[in-house]
Amino acid sequence: MSDSPAPANAGAAVIIVAAGRGRRAGGELPKQWRDLGGRKVLARTLDAFAGLGPICLVLHPDEIGRYPEIEAAADLVVPGGAERALSVRAGLEALADRPPARVLIHDAARPLVPRGVIEAVIAALDHNLAAAPGLAVTDALWRVADGAVVDAPSREGLARAQTPQGFDFAAILAAHRAHDGPPAADDVAVARAAGLAVAVVAGHENNVKITGPEDFSRAERILGCDMDVRTGNGFDVHAFEPGESLWLCGVEIAHDRGLKGHSDADVGMHALTDAIYGAMAHGDIGQHFPPSDPQWKGARSEVFLSHAADLARVEGFAITHCDVTLICERPKIGPHAEKMRAELARIMQIEPGRVSVKATTSERLGFPGREEGIAAIATATLVKA
C-alpha cells in the first residue's frame, strides 16, 4: 500500500460503475441506458470525465456491446459483478497491469456531476490518499418507527456522500483486495475499513443521483429540458418625409429628414416589438395598437415596446436576448448604437448586455439604397423556466 499521496498533477484514471440493473427508476431499461434530455444517462456521465485520463467502463456482462457508440467513449470496458464493490474491484484489477497514480470512482447514475467537483477531488489528492465530495446536511433529521418520530438525532458534522471518490490507486486496490466485511455502501467505506483517512471536498446539488422516477424529472430541470424557449422575428419599413430629426431605437437623431408613420415611426423599435409579440404568438403592433385609432397618432414607440415586454413578464417569460439590425445609408448608426442599446434595455427592463443594435447598408440597392426610407429586422428570444 502506498504511504504517501500521489504527486501533484499525476494522471488520474476513471472507473465508471454502470453494471447495476437500476429498476427502482422505473421503465424497461436500467437507468444508465434511459434517455435524459435526449441522450443516454451513461453517455452524459462519460462526457463529464472526458479528457481527464483513461476511462474504464464497468458494465453488466449481458450489456457489453449493446451500445457500442457509447462504449467508444471509454478506453476499457470490463464486466462487472453481482454487487457494486465487485464491479469496482473488476475495474481496479483491469487497470492494475498499468496502474495510474490516482483513480476516480464514479457512479454512472450521477450524470450531471459538475467539472468543478471532479477537479476539487483531484486537487485534494495532492495531499491525501483519499478524497470525496459531500454536502452538509441542512434539514432536521428524524428516526422513524411505525410511522412516528422516535428520535431527532443531531445533524452536526453529517454530510451527504457523492461521487466521484478519488484515491491513490495502490491504496484503494489494496483496500478492495483486503475487504471481507459486509457489502460496502461506497468506496469511502472500503477505504475507511482499511484505515485510510478520507478528505471531504464540497459537493454540488446538481450532482444528483438518479434512483427513482422523480430523479429523472429533477435532472431534466437541471438540464433545462423543461424550459420553454421562444424566438420571434420582426420586420418594419418606414419612408422618409420632410423633417429635421427622426427616432431610431428610442433615440432622437438629427437628420435632414424624418420618418413617416402614424406614431413616431421608430422603425427599429417597431421591428423589435413585433419580434417579442411573435415569440409569444400574439400578433403584431397593429393588432394591439391599431393605426386607425387616433389615440396613437404621434405616440412614442416606447409605449408599444413596453407593452410587449410587460406582456412577456405576465406570461412568465424572460427576454434573454434581442438583436436589432437597421438597414439604411444614412444616418450613421454607429455613434448612437450604445445609447440605443441602453434605451431599449431600459424600456424592456433587462440588462443592456442582452440587447444588440447594429446597422448595415443595402449596397445602394432598393429603397434603402436610394435613401427613400429605413428598414429594420429584429429577433427576440424569450425563456420561461
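**Aromatic rings and a surface patch**

I'll start with Tyr67, which counts as buried because its relative accessibility is 15%, under the 20% cut-off. One caution before going on: the model is predicted. Trp33 also counts as buried, with a relative accessibility of 0%.

Now to ring pairs. A pair of aromatic rings is described by how far apart the centres are and by the angle between the planes. How many aromatic pairs does the count come to? Four. One of them is the stacked pair of Trp33 and Tyr67, at 4.7 Å centre to centre and with 25 degrees between the planes. Trp33 is in the loop between β1 (12–18) and β2 (35–36), while Tyr67 is in the loop between β4 (55–59) and α2 (68–71), so this pair ties together parts 34 residues apart in sequence.

The rings of Phe289 and Trp296 have their planes at 85 degrees and their centres 4.8 Å apart, so that pair is edge-to-face. Phe289 and Trp296 are both buried. Together with Phe304, they form one aromatic cluster.

Next, charges over rings. Arg34 has its charged end over the ring of Phe216, 4.0 Å from the ring's centre. For Arg257, the charged end sits over the ring of Phe240, at 4.4 Å from the centre.

Last, the surface. Which residues form a nonpolar patch there? They are Trp142, Val144 and Val149, with about 340 Å² of accessible area together. Trp142 is located in the loop between β7 (130–136) and β8 (143–145). Is Trp142 buried or exposed? Trp142 counts as exposed, because its relative accessibility is 61%, over the 50% cut-off.

Notes: Residues are numbered from 1 along each chain as its sequence is written. This is a predicted model: local features need pLDDT of at least 70, side-chain atom pairs count only at pLDDT 80 or more; totals for chains, interfaces and linings use all residues. Side-chain values use heavy atoms; hydrogens and water are left out. Patches are made of residues with over 30% relative accessible area and no salt bridge: like charges are joined within 9 Å, nonpolar side chains (Val, Leu, Ile, Met, Phe, Trp, Tyr) within 5 Å. Accessible areas come from the Shrake-Rupley method with a 1.4 Å probe; for residues, only the protein chains shown count as cover. A salt bridge is a side-chain nitrogen of Lys or Arg within 4 Å of a carboxyl oxygen of Asp or Glu. Helices (H or I, at least four residues) and strands (E, at least two) are DSSP runs, numbered from the N terminus. Buried means under 20% relative accessible area, exposed over 50%, partly exposed in between (1.4 Å probe, protein chains only). Rings of Phe, Tyr and Trp (its six-membered ring) pair if their centres lie within 6.5 Å; planes under 30 degrees apart count as stacked, over 60 as edge-to-face and the rest as tilted. A charge sits over a ring if NZ of Lys or CZ of Arg is within 6 Å of the ring centre and within 35 degrees of the ring normal.
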